[in-house]
Amino acid sequence: MLQFFGALAGETLSLSFRPSREFRVWIVERPGTSLAPPALARLRQDCDTVVRACLGGESLDYGLFAEDGAAWDRSVITLITRIADDRPVAFNAMPQLDVVRGGASESVLHLGLVMVDPEERSGGLSWILYGLTCFALFLRQGLRPLWVSSVTQVPAVVGMVAETFSDVFPGQGTTPQSFTHRHLAHQIMRRHRHAFGVGEDAGYDADRQIITDAYTGGSDNLKKTFAVAAKHRHEAYNAFCERELDYARGDDVLQIGKIDLAAGQRFLSRSVPRSALPQLAVQAVMVLAGAVLAPLIQWLDPSRPYKRLRPSP
């Protein structure tokens, strides 16, 4: 029994469920260290299949697809597969970026590379790719606020981030830039440019959190014009991007926000289809149970140290 609950409260997140009859979702944290080599190789192949479908046979050479493969050790991957033919149709790779806040080490979840097969872009998958993984990790850490970041030039994504998360800057008109926004953005630009394919020669406007000439570090194939970039249904976000970003040069906006109880409630009420709520509720209970039971399991296991209360044997 103790082993069962220990697996539930494991150190990495892994959950799979079917949000509909058409698709299967698998969320796996740090697959480079948590998966066996054959499973990792299959996951790599599935993600590459989606990239090539999106880029006309081309691939990428940053993030997950960098030569060193290090991103697989620090990312959370959400893979969507079509059940009928077991074909991967979309994925999201979210790097966990190490930062320091308030003198303590923590991670910012970067809303990294999202790729959707062109044949499935009207399939209503955005709630899974953009919100579900964040919600699962928020539950996993016991409902403590989780800081997130996003780098993009796509107005639809800028608006999605602003409307999904709390305390977002820039893009959320009512939220001013705080010390935390500026401090986290500074660390991300200083230490983690490789995570989103921005070269060292790219400029950065700290007051506006705008990256200038951003497409020089391996993400060249993702550069878009304003005319081509997907627009948001609310014109304010489109106008913001057109005003603040130089698309000819290749600028990006670096947004910082967080998922908290308010953001989680918005996600459940606005984004999740009603048909998917029962399945999601079951998974949420399991993840929350793991978060609550983890300290108990660590305490009951006499072989594990527990900070000052129980030193290493």
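Which residues are exposed on the other side of H8? I find Leu261, Gln265 and Ser269 there. For my notes, exposed is over 50% relative accessible area, buried is under 20%, and partly exposed is in between (1.4 Å probe, protein chains only).

Housekeeping: this is a predicted model, where local features need pLDDT of at least 70 and side-chain atom pairs count only at pLDDT 80 or more, while totals for chains, interfaces and linings use all residues. Residues are numbered from 1 along each chain as its sequence is written, and side-chain values use heavy atoms, with hydrogens and water left out.

Back to H8, residues 261-271. Helices (H or I, at least four residues) and strands (E, at least two) are DSSP runs, numbered from the N terminus. I list Ala263, Gly264, Arg266 and Phe267 as the buried residues of H8. Seen down the helix axis, they fall within an arc of 160 degrees, so they line one face of H8. That arc is taken from the directions from the helix axis to the C-beta atoms. At the N-terminal end, Asp260 caps H8, with a side-chain oxygen 3.3 Å from the backbone nitrogen of Ala262.

Next, S7, residues 146-152: 7 of its 7 residues are buried. Side chains in a regular strand alternate between the two faces of the sheet. In S7, I get Leu146, Val148, Ser150 and Thr152 on one side, and Trp147, Ser149 and Val151 on the other.

Neighbours: I count strands as paired if DSSP finds at least two bridges between them. S5 (residues 104-110) runs parallel to S7 with 2 bridges, and His110 stands opposite Ser149. S11 (residues 252-259) runs antiparallel to S7 with 7 bridges, and Val148 faces Gly257 there.

How values were computed: A polar contact is a pair of N or O atoms within 3.5 Å; within protein, one must be able to donate a hydrogen and the other to accept it, and residues adjacent in sequence count only if both atoms are side-chain atoms.
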